[in-house]
Amino acid sequence: MSLLTLMSKRLKKVSFTIFTVITKIAIIFTMAIINLDFSNKQIIPLKVGESCSAFSDRCVFVKPNSIWIRENNEENLILSLNSLPKESSIAKGLSLGSDRFTQAILSPDRNSISFAVDGFHGWSGIYDLRKNKVFEVAFIFQGSINKLLFSLNGQYLAIESKDAGGFSSVIIWDTKVEKNISWDVPKCVSGFPFDVRLKEWVDNTLKIRMKCMDDKEWKTGLLKIESEHIVFRKLGNGED
């Protein structure tokens, strides 16, 4: 057997071995993706221009003047600016003045869509897919909606807003009873309320970040929902 023939056979064997290894790695990687569990992940709202996740069989797609649901590679119009209420149900007598959608998010139970609208005032609503009904859940006079965050079971929606003065606050909406759950925002030494930002949900407890104007660092607080009431606790140093 010539040296050239021997080298050719060995090269074919090595190539086959490399191909086999790569194929096994590809199969393992594919199975890992298929078996990923997304049920306990925080769902992040899509903003205008962002795309649905490749792993979502049903998700929201938001445009400046409309909100769509993408399902089975088809896009269906769900809401348009023209279909929204014209007057606020929270701030009676004030026009919503809806200029554009800024973000939207599908609830974990896939029964509702939360959205934020920008205009002269900022406001947030929930569209119930089963009832075909829009609920106004937050109205911010000359302000805006920063962030939307559903609890993992989809019952609670946390809305982070910014008022005309630049201070952020958090509102929590209960989708089951269809109303806001009020809580007293703690005050700083100066008498002004804390600047409050959303962090994450852990079961029925919402983690928030808090800061006074003179503070150098953000503090962490907990908003725990108990029987349609909110129990607030500020974490000490070293807690998170």
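**Figure 1. The disulfide between Cys188 and Cys212.** In this predicted model, Cys188 and Cys212 form a disulfide in which the sulfur atoms are 2.0 Å apart. The pair links distant parts of the chain, since Cys188 sits in the loop between β12 (179-181) and β13 (195-202), while Cys212 sits in the loop between β14 (205-211) and β15 (219-226), 24 residues apart. The structure holds 1 disulfide, and the torsion about the S-S bond of Cys188 and Cys212 is about -100°, so the disulfide is left-handed. Both cysteines, Cys188 and Cys212, are buried.

**Figure 2. The open sheet of β13, β14, β15 and β16.** In the predicted model, 4 strands form an open sheet in the order β13-β14-β15-β16, with antiparallel pairing. The edge strands are β13 and β16 (229-234), each of which pairs on one side only, and the twist from one strand to the next averages 25°. Within this sheet, β14 and β15 run antiparallel and are joined by 6 bridges; Arg209 stands opposite Thr220 in β15.

**Figure 3. The largest nonpolar core and the surroundings of Leu206.** The largest nonpolar core has 19 residues, of which Val170, Ile172, Trp201, Leu206 and Ile208 touch the most other members. The elements that give two or more residues to this core are β10 (156-162), β11 (168-174), β13, β14 and β15. Apart from this core lies another, of 18 residues, among them Ile69, Leu84, Ala104 and Phe115. In soluble globular proteins, nonpolar side chains tend to be buried together. When neighbours within four places in sequence are left aside, Leu206 is in contact with Ala158, Val170, Ile172, Leu198, Glu200, Trp201, Gly221, Leu222 and Leu223.

**Figure 4. The hairpin of β7 and β8.** Strand β7 (residues 122-128) pairs with β8 in the antiparallel sense over 7 bridges, and the two strands form a hairpin with 4 residues between them. Strand β8 (residues 133-140) is mostly covered, as 6 of its 8 residues are buried. Across the pairing, Ile126 has Phe135 in β8 as its bridge partner. Asn132, found in the loop between β7 and β8, has a phi near 55°, which is a positive value in a residue other than glycine. Asn132 has a relative accessible area of 58%, over the 50% limit, and is therefore exposed.

Figure 5. Not counting residues up to four places away in sequence, Phe135 touches Ser124, Gly125, Ile126, Asp128, Trp173 and Glu178. One of these contacts, Ile126, is also the bridge partner of Phe135. The C-alpha atoms of Phe135 and Leu84, which are 51 residues apart along the chain, are separated by 9.8 Å.

Figure 6. Gln142 is placed in the loop between β8 and β9 (144-150). Although Gln142 is not a glycine, its phi is positive, at about 50°. The relative accessibility of Gln142 is 39%, so the residue counts as partly exposed.

Conventions
Residues are numbered from 1 along each chain as its sequence is written. This is a predicted model: local features need pLDDT of at least 70, side-chain atom pairs count only at pLDDT 80 or more; totals for chains, interfaces and linings use all residues. Side-chain values use heavy atoms; hydrogens and water are left out. Buried means under 20% relative accessible area, exposed over 50%, partly exposed in between (1.4 Å probe, protein chains only). Two strands pair if DSSP finds at least two bridges between them. A disulfide is a pair of cysteine sulfur atoms within 2.5 Å. Contact means heavy atoms within 4.5 Å. A nonpolar core is a set of buried Ala, Val, Leu, Ile, Met, Phe, Trp, Tyr and Cys residues joined through side-chain atoms within 4.5 Å. Axes are lines fitted to C-alpha atoms, for helices over the stretch in contact, and angles run from 0 to 180 degrees between N-to-C directions.
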